[in-house]
Amino acid sequence: MKLGRVEFCHFLQIIALFLCLSGMNQAELSRSRSKPYFQSGRPRTKRSWVWNQFFVLEEYMGTDPLYVGKLHSDVDKGDGSIKYILSGEGASSIFIIDENTGDIHATKRLDREEQAYYTLRAQALDRLTNKPVEPESEFVIKIQDINDNEPKFLDGPYTAGVPEMSPVGTSVVQVTATDADDPTYGNSARVVYSILQGQPYFSVEPKTGVIKTALPNMDREAKDQYLLVIQAKDMVGQNGGLSGTTSVTVTLTDVNDNPPRFPRRSYQYNVPESLPVASVVARIKAADADVGSNAEMEYKIVDGDGLGVFKITVDKDTQEGIIAIQKELDFEAKTSYTLRIEAANMHVDTRFLSLGPFSDMTTVKIIVEDVDEPPVFTSRLYSMVVSEAAKVGTIIGTVAAHDPDASNSPVRYSIDRNTDLERYFNIDANSGVITTAKSLDRETNAVHNITVLAMESQNPAQIGRGYVAITILDINDNAPEFAMEYETTVCENAQPGQVIQKISAIDKDDPPNGHQFYFSLTAEAANNHNFTLQDNKDNTATVLTRRNGFRRQEQSVFYLPIFIVDSGSPSLSSTNTLTIRVCDCDADGIAQTCNAEAYILPAGLSTGALIAILACVLTLLVLVLLIVTMRRRKKEPLIFDEERDIRENIVRYMKEMKHGNGEITVKQSSPPFISQKGAQLQGHRRSSEPLQSLRHMNKKVIEMLHFSSSRKLHMGTMEIARKNRTNQLGQQCLTVTYRKHPQG
């Protein structure tokens with residue numbers, strides 16, 4: 001009958017218990033004949049007991065307490081006068097003792113992996129006096145191990161890698177299992193390894209747990225990953241042993257064992273001739289089953305008629321060969337190119353040279369397609385010259401362009417007016433002859449850069465551009481002149497021959513051999529007695545004094561005309577005037593005062609004093625003006641305007657009525673008006689402010705009437721009555737009734 005795991009454990013426990021009871025003196029006390037026992041104050045006696053170890057099986061699963069052993073003293077005669085007590089680790093809680101018989105039992109299930117042994121103390125006491133009859137002794141209860149723990153892989157699951165194509169026996173990784181059982185007792189902790197999954201590719205060393213390759217030439221490109229299941233079993237792998245498993249993921253790493261290969265032996269691409277330089281024509285790739293650095297490629301053109309026209313580089317990300325244009329394509333010159341291209345691995349593994357060669361060749365044919373191209377000039381830049389004296393219509397030069405296409409369409413020429421805004425030049429549309437259209441001036445613009453357009457007659461959208469630089473040649477058309485506006489001084493105490501000014505000249509022209517100027521005084525100034533001129537022959541001249549001393553009272557300013565001639569052909573000349581002021585100078589010849597009016601000033605009044613007086617006068621004038629302005633801007637009372645309006649209206653009305661009676665009505669917050677016998681004369685106030693009160697209105701109207709009657713209107717005596725009322729609109733009104741009595 002096959003035993004289960006629990007029944008087998010019980011069987012082992014029974015065997016161990018039998019061994020403990022029969023082979024180890026039944027755990028009873030025996031007299032010791034080797035060590036005497038001494039007690040202070042008493043005669044020396046022999047020790048009555050010696051303790052041996054007790055053994056008890058772990059993981060006892062029975063319902064009754066487990067018997068451990070028996071304590072017995074030689075003093076015990078069996079009459080019940082001796083009792084036994086137990087102390088130490090687990091006493092009373094785990095281990096109990098029968099105080100009469102000395103039998104020890106375990107009341108709980110014990111686990112060696114938690115605690116392997118217990119140290120206790122035993123003593124025999126006199127039951128009546130409760131005094132020890134034997135010295136206290138110490139003993140150990142050791143927990144006997146059983147195989148109750150399976151092996152465990154504490155570091156699992158595992159991952160590992162091994163190069164593909166590795167030979168048999170190449171170490172991959174080592175796995176380790178631990179067993180918590182007692183390694184010193186039996187085979188409970190003795191582990192062996194085996195492989196449950198992963199054969200026939202891998203194997204494992206039974207004792208060490210080292211995993212190795214078991215097949216040669218494992219190819220990553222065929223399968224790159226394997227899952228292994230490793231078992232560790234105790235009891236040396238025998239039946240009944242406990243086991244544990246772990247998984248190991250093994251990845252085959254790449255080696256360069258695959259040479260590059262082009263999928264096709266030849267390729268063909270069509271490219272328009274207008275494609276610019278550096279444009280990509282094609283991308284080709286040699287297939288390589290390897291990865292990473294083992295798949296890195298290099299491409300090169302090894303043969304063909306396009307070696308200088310095309311180039312090939314590698315794309316580091318995709319490992320593609322990129323074919324690009326190195327020179328401009330021209331369908332009319334060449335319609336196709338053939339390239340022989342090689343692809344090779346950059347990192348070759350010498351172990352796998354037998355699988356090579358690690359390079360491959362392919363042919364690439366590039367067909368150039370014709371494109372309608374714009375006209376092309378015979379030169380990229382034309383240089384022309386023309387004299388600035390050239391007349392309108394003078395031929396300067398000719399440009400030429402042609403249609404590069406096979407159709408060779410006729411070409412028409414024009415000037416890009418954005419480069420000739422002033423329209424100095426014209427071009428013949430058919431011949432390309434450039435002529436002058438305006439008079440030229442080198443001093444305004446020495447070089448004209450214009451763009452000539454060439455258009456196909458059949459397709460005007462095709463435009464070619466040519467560039468022309470026209471240099472204007474100089475003629476002597478500008479007279480020399482002073483380099484700057486000269487104005488100098490001469491001291492009153494100057495001596496004859498004293499240098500007062502050095503002058504130079506400029507000329508806008510640009511003669512080939514440089515400028516040469518000649519200086520002299522004009523004919524009318526040549527014989528003056530004040531100054532003379534000396535030509536220095538280096539395009540400068542010096543002005544010197546001719547007489548001794550100058551007086552400002554006589555003449556404060558001299559104007560010296562100087563004649564300048566250039567060396568052109570024909571030569572040009574000009575007369576320039578040098579202004580010379582007579583000044584009072586100090587001892588060092590530095591001018592102090594050059595104003596002739598200074599001699600007529602009062603002797604006791606300086607220029608600074610005069611300035612101060614003028615400033616005071618101006619300040620007073622400004623103050624007076626401010627005062628007058630402020631007074632004029634002072635506001636008059638608002639009622640004044642109203643009074644003037646009323647007064648003017650009343651006076652105007654009285655002038656009109658001459659004789660008779662009348663009535664004046666003034667409404668508050670409205671312009672005043674005068675009525676007589678149903679007739680109205682509307683008044684106009686200059687201010688929009690209303691009259692302040694009805695009483696104020698009464699007072700003002702009466703004042704106006706009296707005022708009006710006193711203005712020589714010859715109206716005689718006037719009786720006035722006034723009445724306050726409110727009209728239909730709710731406005732307060734003042735009605736003044738007056739009666740005029742003729743004079744006399």
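**Notebook: salt bridges, surface charge and backbone geometry**

I looked up Arg-283 and found that it forms a salt bridge with Glu-320, the closest N and O atoms being 3.0 Å apart. The pair links distant parts of the chain, with Arg-283 in strand β18 (residues 280-284) and Glu-320 in the loop between β20 (310-314) and β21 (321-325), 37 residues apart. I note that the model is predicted. For Arg-283 I recorded a relative accessible area of 38%, so the residue is partly exposed.

**Entry: Lys-334 and Asp-305**

I next examined Lys-334, which forms a salt bridge with Asp-305; their closest N and O atoms are 3.3 Å apart. Lys-334 lies in the loop between β21 and β22 (336-345), and Asp-305 lies in the loop between β19 (297-304) and β20, so the bridge ties together parts that are 29 residues apart in sequence. I then checked the exposure of both partners. Lys-334 counts as partly exposed because its relative accessibility is 30%. Asp-305 has 40% relative accessibility and therefore also counts as partly exposed.

**Entry: Arg-442 and Asp-474**

I turned to Arg-442 and found a salt bridge with Asp-474, with 3.0 Å between the closest N and O atoms. Arg-442 sits in the loop between β30 (433-436) and β31 (447-456), whereas Asp-474 sits in the loop between β32 (463-473) and β33 (481-482), so this pair ties together parts that are 32 residues apart in sequence. Is Arg-442 buried or exposed? I recorded 13% relative accessibility for Arg-442, which therefore counts as buried, given that buried means under 20%. Asp-474, at 24% relative accessibility, counts as partly exposed.

**Entry: network and total**

I also looked for linked salt bridges. Arg-220, Glu-221 and Asp-254 are joined in a network of salt bridges. How many salt bridges are there by this rule? I noted a count of 18 salt bridges.

**Entry: negative surface patch**

Which residues form a negative surface patch? I listed Glu-328, Asp-330, Glu-332, Asp-370 and Asp-372. I followed up one of these, Asp-370, and placed it in the loop between β23 (359-369) and β24 (376-377). The relative accessible area of Asp-370 is 39%, so this residue is partly exposed.

**Entry: cis peptide bonds**

I then inspected the backbone. Most peptide bonds are trans. I found a cis peptide bond between Gly-156 and Pro-157, with omega about -5°. Pro-157 is located in the loop between β9 (137-144) and β10 (158-163). I found another cis peptide bond joining Gln-199 and Pro-200, with omega about 5°. Where is Pro-200? I placed Pro-200 in the loop between β12 (192-197) and β13 (202-204).

**Entry: positive phi**

I finished with the phi angles. Most residues other than glycine have a negative phi. Ser-92, which is not glycine, has a positive phi near 75°. I located Ser-92 in the loop between β5 (82-88) and β6 (95-97). Ser-92 counts as exposed because its relative accessibility is 62%, the limit for exposed being over 50%. I also noted Asn-539, which has a positive phi of about 70° although it is not a glycine. Asn-539 lies in the loop between β37 (531-535) and β38 (540-545).

Terms used:
Residues are numbered from 1 along each chain as its sequence is written. This is a predicted model: local features need pLDDT of at least 70, side-chain atom pairs count only at pLDDT 80 or more; totals for chains, interfaces and linings use all residues. Side-chain values use heavy atoms; hydrogens and water are left out. Patches are made of residues with over 30% relative accessible area and no salt bridge: like charges are joined within 9 Å, nonpolar side chains (Val, Leu, Ile, Met, Phe, Trp, Tyr) within 5 Å. Accessible areas come from the Shrake-Rupley method with a 1.4 Å probe; for residues, only the protein chains shown count as cover. A salt bridge is a side-chain nitrogen of Lys or Arg within 4 Å of a carboxyl oxygen of Asp or Glu. Lys and Arg count as positive and Asp and Glu as negative; His and the chain ends are not counted. The place of a charge is taken as NZ of Lys, CZ of Arg, CG of Asp or CD of Glu. Helices (H or I, at least four residues) and strands (E, at least two) are DSSP runs, numbered from the N terminus. Buried means under 20% relative accessible area, exposed over 50%, partly exposed in between (1.4 Å probe, protein chains only).
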